[in-house]
Number of protein chains: 4
Amino acid sequence: MRTVLGLLIIVVAAASANVGAATDTLAIVGGTIIDGTGAHPVEDGILVIEGGRITAVGDHRTSVPESATKINAKGKFIIPGLMDANVHLILDFWPYTLARYEGRYDELALEAAQVTLKSGVTTVFDSWGPRADLVKARDSINAGQNVGSRIYLAGNIIGLGGPFTADFLPAAKDILFDAFIQRVNARWQENVGPELLWMSPEQVRREIRKYVHQHIDFLKYAVTGHGSGEEQFIEFSPRVQKVFVEEAHRAGIPVETHTTTGEGLYLAIEAGVDLMQHCEQTAGPERTPPETVKLIVDRHIPCAIFARTDRVLAWYRERAASMPGVRRWLVSDENARVLIKAGATILLSTDGGVLGADQTQSATWCARHPPMDSLLTLGEGEFNWLRAVIEKGMSPMDALMAATRNIARAYKVDKNIGTLEVGKIADAVILDENPLLRPENYRKIFGVVKDGRVVDRNLLPTKRLLTGQGQHGATSPCT
Amino acid sequence: MRTVLGLLIIVVAAASANVGAATDTLAIVGGTIIDGTGAHPVEDGILVIEGGRITAVGDHRTSVPESATKINAKGKFIIPGLMDANVHLILDFWPYTLARYEGRYDELALEAAQVTLKSGVTTVFDSWGPRADLVKARDSINAGQNVGSRIYLAGNIIGLGGPFTADFLPAAKDILFDAFIQRVNARWQENVGPELLWMSPEQVRREIRKYVHQHIDFLKYAVTGHGSGEEQFIEFSPRVQKVFVEEAHRAGIPVETHTTTGEGLYLAIEAGVDLMQHCEQTAGPERTPPETVKLIVDRHIPCAIFARTDRVLAWYRERAASMPGVRRWLVSDENARVLIKAGATILLSTDGGVLGADQTQSATWCARHPPMDSLLTLGEGEFNWLRAVIEKGMSPMDALMAATRNIARAYKVDKNIGTLEVGKIADAVILDENPLLRPENYRKIFGVVKDGRVVDRNLLPTKRLLTGQGQHGATSPCT
Amino acid sequence: MRTVLGLLIIVVAAASANVGAATDTLAIVGGTIIDGTGAHPVEDGILVIEGGRITAVGDHRTSVPESATKINAKGKFIIPGLMDANVHLILDFWPYTLARYEGRYDELALEAAQVTLKSGVTTVFDSWGPRADLVKARDSINAGQNVGSRIYLAGNIIGLGGPFTADFLPAAKDILFDAFIQRVNARWQENVGPELLWMSPEQVRREIRKYVHQHIDFLKYAVTGHGSGEEQFIEFSPRVQKVFVEEAHRAGIPVETHTTTGEGLYLAIEAGVDLMQHCEQTAGPERTPPETVKLIVDRHIPCAIFARTDRVLAWYRERAASMPGVRRWLVSDENARVLIKAGATILLSTDGGVLGADQTQSATWCARHPPMDSLLTLGEGEFNWLRAVIEKGMSPMDALMAATRNIARAYKVDKNIGTLEVGKIADAVILDENPLLRPENYRKIFGVVKDGRVVDRNLLPTKRLLTGQGQHGATSPCT
Amino acid sequence: MRTVLGLLIIVVAAASANVGAATDTLAIVGGTIIDGTGAHPVEDGILVIEGGRITAVGDHRTSVPESATKINAKGKFIIPGLMDANVHLILDFWPYTLARYEGRYDELALEAAQVTLKSGVTTVFDSWGPRADLVKARDSINAGQNVGSRIYLAGNIIGLGGPFTADFLPAAKDILFDAFIQRVNARWQENVGPELLWMSPEQVRREIRKYVHQHIDFLKYAVTGHGSGEEQFIEFSPRVQKVFVEEAHRAGIPVETHTTTGEGLYLAIEAGVDLMQHCEQTAGPERTPPETVKLIVDRHIPCAIFARTDRVLAWYRERAASMPGVRRWLVSDENARVLIKAGATILLSTDGGVLGADQTQSATWCARHPPMDSLLTLGEGEFNWLRAVIEKGMSPMDALMAATRNIARAYKVDKNIGTLEVGKIADAVILDENPLLRPENYRKIFGVVKDGRVVDRNLLPTKRLLTGQGQHGATSPCT
């Protein structure tokens with residue numbers, strides 16, 4: 001039996017083609033285990049991993065196999081691998097990036113999935129992106145060909161257009177050639193784009209039946225639109241929404257929604273969805289009606305919400321008079337607080353992705369985004385979210401579960417992940433300090449374990465595409 | 001008893017402030033009366049009008065009061081005053097016109113109502129416009145202060161934005177000052193614009209209750225949006241739609257819809273509306289499902305549709321490959337034919353208005369509009385519509401009823417207008433030739449009677465605002 | 001002989017059609033006369049006006065005709081009527097105003113000329129506008145049909161396009177119909193618009209020969225373009241510029257230039273122009289070369305410049321980092337100071353006009369314009385200019401001459417106006433306090449005399465078009 | 001002594017790193033030699049090449065060294081390598097391409113230089129592009145590291161902005177991030193962009209002195225602007241233009257101009273430039289004045305012009321009424337004819353470049369470009385130009401010289417290239433049929449010799465970037 005001082009011995013050789021079978025035995029010894037079930041933390045605990053799964057977890061009396069490589073976690077804190085219920089691994093859908101990396105979008109997705117893994121977010125749920133490219137990234141990670149967070153993906157949001165449509169970047173069409181626009185949009189939309197808005201329930205059903213078998217992990221449909229303007233429309237009639245739920249469930253996958261108005265939430269609940277994104281209504285001017293909040297709580301509908309920190313809200317408040325939309329974000333914060341207070345099942349959700357420095361350091365960006373606590377920055381946003389919900393009154397233990405078990409349950413993958421329990425896949429983060437004391441401690445990562453193996457975080461991301469964009473000469477970030 | 005040769009004696013003195021009480025007695029003698037009920041025409045008939053209403057109608061044996069002024073209609077054809085179920089008396093919502101006539105929109109409405117009256121369209125239903133201005137025009141006509149078609153009005157289409165919003169002219173904001181944009185939009189939207197899209201049913205109810213008491217004649221709401229692009233959204237959830245129907249009916253007015261998709265038609269029917277605009281789906285790429293057509297027919301939902309003539313369709317067909325949207329108009333024509341064939345209750349609807357020559361003679365306009373059989377041209381479109389439905393197989397008698405009784409019934413005003421029956425308000429058109437033989441004969445107007453008085457058509461419109469725009473130097477129209 | 005206490009007796013009856021022949025005799029008695037020649041002020045002076053011209057001016061010993069109406073100016077200060085070397089009586093060339101008042105642009109010009117007269121600016125030089133409308137306004141004032149400042153006008157700036165071209169409002173074409181665009185542009189351009197840029201000297205000469213006989217008072221041509229962007233082009237070759245100068249002089253009118261770059265100034269000087277607008281280069285990033293400054297001074301080329309007050313410059317300086325263009329305005333201020341210091345012949349120039357409240361109270365406007373000391377506001381900008389040049393070191397007497405005699409001389413009309421000397425037309429302002437002590441005293445107007453008659457300032461403007469726009473509901477101005 | 005049947009033995013191994021020293025001896029034997037001097041063709045001629053240069057040329061009696069590799073050219077026609085006086089090796093400056101290949105623009109230039117070489121255009125003059133990237137491509141070809149046409153380059157057109165400015169793609173700024181826009185523009189502009197428009201002659205001189213030493217082969221400045229609109233401005237004053245000429249000549253390089261108006265031509269001539277692009281005025285509405293044509297002829301100013309074929313002109317003529325700008329292109333064709341007829345020194349000029357299929361197969365492109373005889377298509381446009389000038393009356397021999405010797409002389413490189421004379425670099429094209437009989441015969445290429453070596457045309461371009469864009473799925477070209 002060997003004892004290791006550090007994490008260097010059995011790290012995942014991120015850059016190597018073959019990272020070996022997950023047959024090693026590992027024991028994390030001496031740390032405080034917070035298992036994500038809500039149970040009291042176990043001090044001086046032992047976590048044993050064999051074949052990539054947890055085979056034992058308990059106090060210091062837990063038996064450790066002879067062959068195990070031991071990680072000395074004295075004074076550390078072990079939590080389940082974090083999750084993000086809403087990311088977009090390919091978020092930079094602006095012309096520069098989509099032109100530059102056409103044919104390589106899977107590499108962008110991989111880079112993003114490595115950015116998250118580096119931060120201890122071992123599982124991400126990609127809820128809008130080019131399906132085939134995400135599938136390629138996901139499968140290469142699952143096959144051990146690449147290192148990265150575990151990806152679950154939806155592909156397109158049913159009903160929405162691709163990046164270069166009125167739903168996202170309407171101006172793109174003025175400066176890009178049609179052929180490129182069509183290639184890009186088709187990559188996102190496939191057979192489930194805006195043409196469904198005109199179809200009858202039976203026509204829609206035919207398309208959805210095809211789509212659910214395209215290797216997606218869950219279905220997401222737009223209850224309401226994506227336009228960022230004053231108006232917000234409903235995309236589908238109740239009976240078409242029922243088609244989505246029926247066909248997703250028939251295919252054995254959960255179904256979630258893009259929901260941005262009070263009536264949208266009501267329609268989604270009535271349709272019987274498994275979870276909802278933007279329960280706080282993101283950008284609406286109206287408070288969610290109490291009856292709807294009650295429905296969410298009573299029916300235990302998991303709610304993925306954005307949560308902004310007090311600092312961010314203060315920055316916005318100062319600009320409420322001059323910045324369009326800010327008043328609405330303040331209303332959505334009120335909605336988020338009401339949900340938390342009412343005891344809704346909350347899920348960590350950031351919309352996070354990797355954006356190039358051209359964008360995040362532009363004057364336009366900095367004029368609209370506070371220079372702190374960004375949610376959109378993948379691998380950062382998750383920490384900021386945890387801080388924010390605690391500021392809003394959520395207990396630290398509930399916050400941890402919102403970032404782990406709640407998400408696993410909502411997406412129906414809690415048999416395998418979400419907690420540190422025997423039988424689960426061994427995804428864990430070892431922290432230097434207690435995350436239940438201060439949310440900032442989530443950032444103090446001693447090590448990340450995924451699939452039972454220690455991740456070599458220094459190597460991530462293995463290829464710097466967008467994360468390396470600063471090389472072009474971009475200067476200082478927003479201040 | 002006096003006999004008049006022409007119509008000149010008792011014409012409405014259009015330009016005079018006081019047109020006198022409608023106490024005269026009038027008899028139209030010797031013509032063929034087609035009363036709009038579907039009954040067989042009565043040759044050598046007599047129509048007696050007293051106090052503005054029909055007091056007798058029948059064959060040559062009908063008794064004529066001594067005091068009556070007689071109109072010799074030998075060889076003529078008398079039909080009910082025509083109706084248009086969907087006009088926009090203020091249709092030219094482009095910056096030039098709205099700037100030039102700010103503060104005088106009621107005059108634009110009046111001009112348009114005179115254009116229609118001149119063509120024998122004695123009643124129009126304005127289904128989108130600035131409410132207060134339309135009310136002013138309507139009331140001045142009803143009070144006898146001005147001559148014009150009888151106006152029924154809805155004001156805004158509930159849920160839609162005003163002219164200078166994304167729903168109509170999104171580019172307007174780039175070149176107009178905010179204050180003007182806001183003044184114009186507010187004039188249309190009042191308290192029932194897009195902000196309702198974010199509201200709960202109870203919030204919506206509060207606003208609608210206010211609006212139905214603002215002197216409107218019927219309520220129109222947007223089931224689906226107005227955007228002209230590829231996408232078409234639903235504006236309101238079913239339960240909010242029910243609020244519209246309930247509150248309109250509670251206020252004793254009918255409720256109609258802007259409906260442009262198959263699902264939109266279904267939702268409107270389910271909501272219990274009284275009539276629907278655009279049953280043919282205007283601009284959708286999909287055929288209306290047979291079940292929905294069946295619902296429309298079985299439940300006798302009045303359907304206001306556009307109907308394009310064969311010449312127009314041929315013009316479009318030639319351009320189907322190169323002109324965006326044309327394929328969709330051809331689909332909507334198929335939908336219109338299906339409705340007619342299935343026996344739906346059809347209403348004449350044109351979207352017609354008065355447009356300045358700057359617009360209708362522009363290259364942009366002419367590139368997209370066929371140079372014949374325009375529906376949008378008020379006072380012309382109605383004739384083209386009648387021709388078109390007959391081309392599509394509707395019987396001439398049904399076509400006449402689609403332009404008279406069907407509309408009166410749909411809007412619940414058939415107690416007073418829509419047919420030439422005793423007790424009805426005396427609105428009639430005297431034609432030189434039989435309209436049931438050829439629809440072109442609707443254009444051969446010998447005289448128009450409204451409220452029992454003969455209209456001096458030569459004086460209309462009394463003030464030429466948009467109709468006189470040619471004076472600025474606009475040149476040849478589309479060829 | 002009558003003595004009047006106030007000014008009420010012989011005021012110009014602004015609203016009356018016939019204001020009578022200027023045959024009255026008037027004496028302004030007892031005030032300090034600053035005659036605009038640079039001579040020492042004469043205390044307790046007497047100014048006698050007969051037939052609209054000055055017949056005597058001197059100290060208290062000056063003889064006053066028996067028949068004269070006397071104005072008691074004890075304690076007051078009498079200066080020549082002020083002048084503005086560069087106004088645009090029709091400056092609001094945005095779509096709203098040009099649509100609303102199409103066919104009435106002469107009324108807009110008249111309103112503006114009354115706004116200036118009210119402020120004691122008895123003569124304005126309109127250097128860009130729709131010629132025919134300005135001619136109509138000018139002639140109606142000269143004929144005594146209307147009250148207003150004396151107008152001298154250029155019509156179009158030779159070579160520039162009208163309001164709805166790339167030179168001014170390129171976006172207009174996106175939202176206005178072509179016919180209107182063409183009507184408006186043609187009204188400004190006539191035969192001397194951008195088509196001249198393509199022509200040979202002889203072709204240009206033909207057009208100019210026509211234009212100089214269209215009742216213009218001076219010719220203005222664009223040495224450099226009007227675009228507000230980063231680039232600034234030269235419009236005409238030196239030999240074409242010589243054509244302008246030759247043909248203007250042949251027609252007996254002076255010629256001035258729109259000149260916005262260092263090379264532009266050099267080219268204008270070489271072409272032999274009579275005066276230059278924007279000698280300070282308005283919006284250039286470069287300092288004017290010393291050789292060019294020297295040329296201006298040595299050749300006594302009159303220079304009409306903008307002059308911003310210290311408060312305005314401070315407001316800009318605070319925004320230099322974030323506001324595009326501001327750094328350039330600071331450079332142009334340096335250029336202005338250099339010219340003043342070098343002893344160039346400076347003329348008051350504001351670009352002023354009347355703008356509707358929709359514009360000046362819009363967020364867009366307020367974001368770019370300081371909330372004080374506006375130059376562009378006609379009747380206000382002149383006072384701000386006088387304050388600004390004094391702040392920059394010009395002597396108060398020179399400042400007064402920059403606003404009177406210098407302008408009259410530059411435009412070759414000093415035989416008639418510009419000073420209070422015998423034989424000149426009697427244009428004068430009577431101030432309550434000494435303008436040479438503080439420039440703010442120019443605002444303390446006791447009375448304005450034009451053409452030998454006292455102006456009833458309370459009646460101005462006689463018709464409120466743009467000045468009354470606030471009635472539409474515009475709210476608070478920039479703060 | 002070896003005799004070769006084909007061209008395969010000593011072809012340039014395009015893909016190999018080292019293509020060997022040019023020490024081989026080559027003899028082209030038996031063909032008709034048209035040497036580009038205007039001299040009568042020599043039948044059954046012999047051309048001997050040693051060390052990359054022509055060492056002998058003459059009839060069948062010319063002596064051939066023993067060691068020479070012989071090319072049997074019996075029945076063929078040998079002409080000097082063709083030249084294009086105006087190409088843009090990086091012409092696709094649209095966002096897609098500039099984003100996708102950022103950092104690799106030199107590869108785009110190389111690809112284009114291989115496309116031209118393949119067509120027998122052995123020398124190209126790149127008159128607008130990113131200097132450093134072009135230098136890299138040029139130098140790698142000159143160093144034998146890559147195969148491609150001989151490149152002479154100007155870098156930026158002095159005074160113009162880069163691709164993403166108002167001079168080229170103003171809309172780019174709406175959809176691209178500033179940092180990218182700035183990187184791209186800076187790559188073109190360096191220190192000689194639009195900021196020069198504001199500078200004094202001495203400031204300009206400083207910048208030009210730097211630029212002429214940046215490894216450029218000739219200097220090109222904008223006499224007039226590049227905007228495609230109605231307006232066309234002069235960029236620089238005569239004395240600044242003289243600075244360009246002086247500094248270029250001081251650095252020993254020729255100077256040419258972008259000249260698009262009649263006055264622009266005059267100014268360029270007066271400035272003493274060595275040659276002018278667009279002598280036909282490209283897009284002007286006016287005929288060039290006869291005096292200017294005379295100046296061009298008398299002073300022997302080389303004129304690079306576009307020449308459109310009769311088929312293209314017919315296509316345009318049909319669209320003259322509906323297509324903006326077409327009338328002007330017809331005028332420029334008239335100007336071209338006048339120049340040819342007057343005996344001006346004409347140079348072949350195409351503006352040609354390589355454009356991706358996304359662009360050339362787009363509806364927008366096809367709507368504006370005739371589906372035949374494109375000038376812009378590099379390696380094609382040259383043939384179309386030759387056909388066009390012959391259609392316009394130029395003699396076939398003059399046309400050949402316009403594509404060879406005239407260009408070499410104009411650019412002062414005729415000591416080395418342009419004709420098949422002893423001492424010249426051995427650039428030649430061997431044609432299957434006589435180009436003087438029919439211009440189409442220029443396309444019938446048997447072989448291309450550059451620097452004394454036979455080019456393996458089959459390998460070109462060696463890397464397909466833009467030429468391979470069709471792979472993305474672009475469909476049929478314009479029809």
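Predicted model: local features only at pLDDT ≥ 70, side-chain atom pairs only at ≥ 80, totals over all residues.
Visitor: Which parts of chain D supply the side that touches chain A?

Guide: Three helices of chain D, namely α1 (95-100), α4 (178-189) and α11 (357-360), each supply at least two residues of that side, and the largest share, four residues, comes from α1(D). Sorted by class, the side of chain D that touches chain A has 12 nonpolar, three polar and four charged residues.

Visitor: And salt bridges, how many between chain D and chain A?

Guide: The count is two; one of the salt bridges between these chains joins the side chains of D358(A) and R183(D), at 2.9 Å from N to O.

Visitor: How much area do chain D and chain A bury between them?

Guide: Together they bury about 2100 Å², with 68% of it on carbon and sulfur atoms. Of the area that chain D buries against chain A, 33% is supplied by Y96(D), I175(D) and F177(D), which is more than any other three residues supply. In terms of contacts, 19 residues of chain D are in contact with 19 residues of chain A.

Visitor: Do the copies meet through the same surface or through different ones?

Guide: They meet through the same surface, because 100% of the interface residues of chain D are also interface residues in chain A.

Visitor: What rotation superposes chain D on chain A?

Guide: A rotation of 180 degrees, with 0.0 Å of shift along its axis, superposes chain D on chain A with an RMSD of 0.1 Å, and that is the relation of a two-fold axis. In chain D, the C-alpha nearest the axis belongs to R100(D), and lies 1.8 Å from it.

Visitor: Switching to chain B: which strands are joined to β6(B), and do they run parallel or antiparallel?

Guide: Strand β6 (residues 77-80) of chain B is joined by two bridges to strand β2 (residues 25-33) of chain B, and these two run parallel, whereas four bridges join β6(B) to strand β15 (residues 428-431) of chain B, and that pair runs antiparallel.

How values were computed. Residues numbered from 1 in each chain as written. Chains lettered and ligands numbered in written order. Heavy atoms only, no water. Contact = heavy atoms within 4.5 Å. Buried area = accessible area lost by both parts, 1.4 Å probe. Salt bridge = Lys/Arg side-chain N within 4 Å of Asp/Glu carboxyl O. Nonpolar A, V, L, I, M, F, W, Y, C, P; charged D, E, K, R; others polar. Least-squares fit on C-alpha atoms with pLDDT ≥ 70 in both. Pairing = 2+ DSSP bridges.
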